[in-house]
Amino acid sequence: MDRDGVGLAQRIDISAAALEHNLRLFRDLLDRGTLLAAVVKANAYGHGMEQIAPLAEKTADWLAVHSATEARRIREMGVKAPLLVMGYISEQDLHDLDADIHVFVSTEEVLRSLGEYRRERGVSLPVHLKVDTGAKRQGFSADEVRRACELAGSEGLEVVGVATHFANIEDTLNHEFARHQLDLFHDVVDTTRRALNSRPPYIHAACSAAALLFPETDFTLARVGISMYGHWPSRETELTWILDHGRDGLRLEPVLSWHTVVGQIQRVEKGETVGYGRTWTALRTTRLAVLPVGYADGYGRCLGNRSRVIIRGRFAPVVGRVCMNVSMVDVTDVPDVRVGDDVVLIGRQGGIEVAVEELAELSDTINYEFLARLSPDIPRTVAD
């Protein structure tokens, strides 16, 4: 609350307890010898890197990011955990990276850039060879792995890891292709071992879905993303878990809730229209609450006339088009709504919930994208 007793126009609340619960859940699921890497890329999936990274470091062994810029930001926070940069690093972005920042490498060009960085700066960044086993995104082919190991050695770099990424482990109940990828990855690990005359210490393929469903993908490191934030990767992943384990025994706790406030109350007469394009017409005398949140904040324009919020422990439908910075909700059936009242956009209040999965489905997308698009300008506050 601010000095006038009215809440911030918007805020995102982060539950430290929920984050720790989810990470410890994966600690229990993973093989005892498997290290846990908490994925905090994309502003920690929209949760806020500054808030999440120091919390995750307390429970996870590693943190994983996409870019060198994200790695530098985390180091500036004072976080000391080993970091894994999983995305492309250009030659121009190789600066101020310490020797405890590990990097995915997918091309010979990046290996050469890392070699030049070692010669110029005296810092040898540990290399994890990214292998394409079927996703057809980043990575060396299986036939290129031996050559990559040789090139790394000639550049004075140490290959400490080999990794891959599953193409279709979340969005299906048929995991035949994932098992095909896993078989190919085993062959690649053997190739890498022979090329290096030793097995790299960091072997990793598991994402959240793989860590949940397939213990054989644990290897020595698991990269857990969406589920550390309290969300199933997909309905298919959850259904597969239920089919294999039943409904009990796994409780993911959402880490994030998103709030705004009622900024104004409007009276709309029967037959009057609301918002741009006049897409909603009042069928009765209606009381509207105007909310200071819109698509610039991550509340998509497509949610107009489709979604709902929670005010005073009751659902209220969003009416009219969501604007860049403003939305309207019908509170005619919610008694005593006043300016300054708390509005839940994502989260629980009064025993009911608006889940991010609901908003993602209405937006024809997935929970990952909806969360990642939450504006970094929204204040984020950590609570125990």
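Predicted model: local features only at pLDDT ≥ 70, side-chain atom pairs only at ≥ 80, totals over all residues.
1. The buried positions of helix 7 are Ala178, Gln181, Leu182, Phe185, Val188, Val189, Thr191 and Thr192. An α-helix has 3.6 residues a turn, so residues three or four places apart point the same way.

2. Helix 7 has 21 residues, and its first and last C-alpha atoms lie 30 Å apart, close to the 30 Å expected at 1.5 Å a residue. Asn197, which comes just after helix 7, takes a positive phi of about 65 degrees.

3. Helix 7 (residues 176-196) also belongs to a right-handed β-α-β unit, together with strand 7 and strand 8. The two strands of this unit, strand 7 (residues 159-163) and strand 8, pair in the parallel sense over 3 bridges. Gly161 has Tyr202 of strand 8 as its bridge partner.

4. Strand 8 also runs parallel to strand 9 (residues 221-224), to which 2 bridges join it. Here Ala206 stands opposite Ala222 of strand 9. The chain passes from strand 8 to strand 9 through helix 8 (residues 208-213), and this β-α-β crossover is right-handed.

Definitions and conventions: Residues numbered from 1 in each chain as written. Heavy atoms only, no water. Pairing = 2+ DSSP bridges. Helix = DSSP H or I, 4+ residues; strand = E, 2+ residues; numbered from the N terminus. Right-handed = clockwise from strand over helix to strand, strands pointing away. Expected span 1.5 Å × (residues − 1). Buried < 20%, exposed > 50% of the residue type's maximum accessible area, 1.4 Å probe, protein only.
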